[in-house]
Amino acid sequence: MTIDAANLINLLGFITGGALYVMLLFMVLGGRVSFSVRNNAGEDIFPDDRLPLITALLGLCWNVSGMLVNGLPSLAQGALSHTSLSLLGAAAFTSLGYLPAVVVHSVLRTTDSLRQRKGPLSIVLIAYALSTVACVMHFHSAVVYGAAPSHFALRLLTYGFVALIVVLLITTRGQTNWRAGWIVALAGFAVSAVHLGHHDGKNYAWWLELVGHHASIALILAILYQDYRFAFADIFLKRAFALLILVALVVASYVMVASPFLSPRGIRDDNDPRAIGLLLTLWVGTALLYPWLRRQVDWFVDTIVLRRTDYGRLRVEVVSAINKQDEAVGVLDAICKLLGPALTALDVRWVSSETAETIGQSSGGSKHLFSLTNQFDDTGQVVLIKGARYLPLKKSGSQPIDKVRRSRSSDQSTSVFIPTAEAPQYFLFVAGLQGGRRLLSDDIAMLESLALLAARRIDALRVNHERCEMTMREQEIGKLVTEAKLRALRAQLNPHFLFNALTTISYLIQTSPKRAQSTLMRLTGLLRGVLRRSAGDFTTLGEEIDLIEDYLEIEQARFEERLEVKIEVPSSLRDLRVPSLILQPLVENAVKHGITPTKSGGTVLVTARLLRMSRDTPVAEINSMDREADSILKIAVHDTGAGVTERELLLRRKQGVGLSNIERRLECHYGETASLLVSSVVGSGTISEISLPIARAVEQSFKDLRTSSPDLMANQTSSVTKETRII
Amino acid sequence: MNNMLRVIIADDERPARSLLGSMLLEFEEVSLIGEASTGTEAIELIERERPDLAFLDLQMPEIDGLGVVRLLRKNYMPAIAFVTAYDEYAVQAFELNAVDYLLKPIDHGRLRRTIERVSERLEMSELRSVEVERIQAAARQYEKATQSPYLERIPVRLRDEIIIVPIQQVASIVADAELLNITTDRNDQFTISYRLKDLEARLDPERFLRLGRGTLVNISMLNRVIPSHGGTYIVVLTNNQQLRVSRLQSRILRDQLLRL
């Protein structure tokens, strides 16, 4: 058998066509597995997905059997009997005959609701009918005449589909332009059919063979370019281009360099060292050039043919976008927004690691990625499946399912771990890639680098946020302390109180100078005590009690028998650490609202007790405490005065700066473990009670501080001195 | 001793009373005829002794200094000097209305000026009602500025007695010219001299409802609502008192109270 140009082209064409259809088959099968979507009734929601599969099978069938029958006739004739050969030919031409019908179906399917519209449906039916008739005729011809293609059938197909193309052009006009590609492919079929219709065994020019026999290649190229652009480009186009250019380069270098160099010198001998050297040089040069060539081709395919985003620029965009965000969620959203178009993915979102923990662990917590097959369960929720692990995704931000589905996405989906230093951590999830795109190594590298960028940004934000929060907390405490100090200053130096005290003292000067002197000393002690409180926000319970004793003594001088004071605080509790000036407002309230409004007056009782935490402690009290605290300090101010109504109490608590200041300070220092309770009964008095958790450790350290700090030594020393004196 | 200035002191703090008393001793023309430790006592004392000048502490149990002035019968009204330790709002209100006041601890010179001024006024026999008007204006201004809490009790006069009516016993308050008629749940009737608008401002709006221009009613006393002509209502209280509701208030009543 001689291999001439036409034969070679034929053979190459069939091989190429076959390879391309195999590729399509894999694409379609891959896509089908992950997107087998069933609704509640168990029907396949997108049964039409079979069309690409059928296309692939038909194309494959044509190319394989066509290769056997037409491409390698001598080989096939040797291996097969004449009858089976003609049957094979009939099968080949049948597949070819059905292809245009399927393509017509595909074209019209996308003009939606085929079932409702009679026009397109009848066109499809006519197309299938034509193909079926042709199929019958081919087999008839094969069985009866032993010659595979029935020329009449081919002619029928040609005229039939030319007519259908005209109809199609009319029906689909004004629609998206890509359908033109399909129609062109159909026209190719027509040409092919025309050619085959006149095929009579003669050898034609190679281009005629190419156009005639291999119009299906145009079709498959069109399909692949439309639906599986990325895979096609990546797997086929880059290599094909590179190979073509390489061949061109070799031929060119041979023609331009080697031939002119060798011929004039008449070097005909193959063993001439110069010739070998030259060829070797050319070969090495080409080999060295090849990687560069591949890169250029890759670049050309990526940017010109696929218009893929330049990742360098994307990175810059992402950096500028996330730097504008000041919350983790914003950062992630910004990345998702930019990644979507860049990867031509319909579904890019982020998942918090709280839900994705299991998967995070499965990947060793590293930044490794893992491909996940995504499926949709019948509630419509997207579920990632890896092995037996289910990962329900956040529903918010997810695409409506049918939208995801409508794109013929491949099975590619991936998630990238965002390695933030602290929890919660996140995953970027990419799915719904369009155009048969797969995530290639450079995509994944890009995703990982973006994840790292995001992690760094989120970490920075978190640190910032924490610092900010801490400063704010400190400021808040500072403000409240200042407020309390001012209030206390205002309360003890409360003009009303102060002037009344002075009035009392000036009365006492006349009647009982000694009492006047002691009251004046009390007032002095009070003022000193309040001014000393500016040292810090904490003091000891003892100092607080001393302060309110001074206060109550002065009020007693003023109200005389109307005010009775009882202070029952065990001396063992005097060293406990309490926020400063936290009792005084309560005592002041007791006098102001309890004693002053009644003629007969009443008693102000201040008590403090420490509830040690033990197994005997009532459950209710344990619950109200911090677990780390060993005991709880309860300080109560009780008056037997006027009392107020619930409503009045509420109003006072809302408006009164004193109570709300205490509450806020307690919350700032102790969180929810401390409380202030106020209850009142009209006519019988009011009780205000503060509960504070006392941690033994803190208690201890505060004592240490007191003994080590020279400022605070004075108090301690004096009590020691007293003791020695007593001894 | 007809020229003597007859003076009383009302203050709940004995030391303060004593101090003022001892200071007054130094004025030859002044005779201290009594002391009171509450507002009620002060009213009793003033109406019994009919002094020329009363030093009233602003802050006293039961009835405060301003309440005393409000409850005093007009023709018994002496010259008033309020005494307070420190009260910005009161001082402001007094100054604006030319009401005399003293600050604790009381300055001797200042006390002298007060006494001299009162003596002058007595000689000129200035109209008492003008002073009463000034004091009441100051009281209104003061109560407005301090946003004093809702009243829990209303002190009222019944002949020579002062009765303190808890607010929950008040069934209705009906304006009658310058006076307000207060009806209790036991159908006792009292009259006070107060503006309805001012009193309403000091009553809990969740407790009292306006029925018209001149009527306030205790919501918890509402018993029946009878539709009347033109979409208005007549309400019947638990003490069987019947009150007509104005057209506007009928609508509010319908929208707020008569709906589940």
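1. Start with the interface. Four salt bridges cross between chain A and chain B. This is a predicted model, and every point below should be read that way. Six residue pairs are in polar contact between the two chains, counting pairs with both residues at pLDDT 80 or more.

2. Two of the ion pairs between the chains can be named. Glu13(B) forms a salt bridge with Arg558(A), with the closest N and O atoms 2.7 Å apart. Glu560(A) meets Arg14(B) in a salt bridge as well, at 2.5 Å from N to O. Glu560(A) sits in the loop between helix 19 and strand 9 (563-568) of chain A, while Arg14(B) sits in helix 1 (residues 14-24) of chain B, so this pair joins two chains. Arg14(B), at 36%, counts as partly exposed.

3. Now the salt bridges in general. Over all chains, the search finds 21 of them. One lies within chain B, between Glu35(B) and Arg17(B), with 3.1 Å between the closest N and O atoms. The pair links distant parts of the chain: Glu35(B) is in strand 2 (residues 30-36) of chain B, Arg17(B) is in helix 1 of chain B, and they are 18 residues apart. Glu35(B) is partly exposed at 40% relative accessible area. Arg17(B) is buried at 11%.

4. Chain B also pairs Glu49(B) with Arg48(B), where the closest N and O atoms are 3.7 Å apart. Glu49(B) is partly exposed, at 26% relative accessible area. Arg48(B) is exposed, at 55%. In chain A, Arg522(A), Asp550(A) and Glu553(A) are joined into one network by salt bridges that share partners.

5. Which strand pairs with strand 14 (residues 685-694) of chain A over nine bridges? The partner is strand 12 (residues 631-639) of chain A, and the two run antiparallel. His638(A) has Ile687(A) as its bridge partner there. Strand 13 (residues 675-681) of chain A also pairs with strand 14 of chain A, in the antiparallel sense, over seven bridges. In that pairing Val678(A) stands opposite Ser688(A). Strands 13 and 14 of chain A form a hairpin with three residues between them, and Gly683(A) takes a positive phi near 95°. Strand 14 of chain A is largely enclosed by the rest of the structure, because nine of its ten residues are buried.

6. Strand 13 (residues 222-227) and strand 14 (residues 233-237) of chain B run antiparallel and are joined by five bridges. Arg224(B) stands opposite Val236(B) in strand 14 of chain B. Five residues lie between the two strands. In the turn, Gly230(B) has a positive phi of about 65°.

7. A closer look at one serine. Ser95(A) lies in helix 4 (residues 82-110) of chain A. Ser95(A) counts as buried, because its relative accessibility is 4%. A polar atom of its side chain lies 2.6 Å from the backbone oxygen of Ala91(A). Leaving out residues up to four places away in sequence, Ser95(A) touches Leu58(A), Cys61(A) and Trp62(A).

Methods: Residues numbered from 1 in each chain as written. Chains lettered and ligands numbered in written order. Predicted model: local features only at pLDDT ≥ 70, side-chain atom pairs only at ≥ 80, totals over all residues. Heavy atoms only, no water. Pairing = 2+ DSSP bridges. Helix = DSSP H or I, 4+ residues; strand = E, 2+ residues; numbered from the N terminus. Salt bridge = Lys/Arg side-chain N within 4 Å of Asp/Glu carboxyl O. Polar contact = N/O pair within 3.5 Å; in protein donor to acceptor, adjacent residues only side chain to side chain. Buried < 20%, exposed > 50% of the residue type's maximum accessible area, 1.4 Å probe, protein only. Contact = heavy atoms within 4.5 Å.
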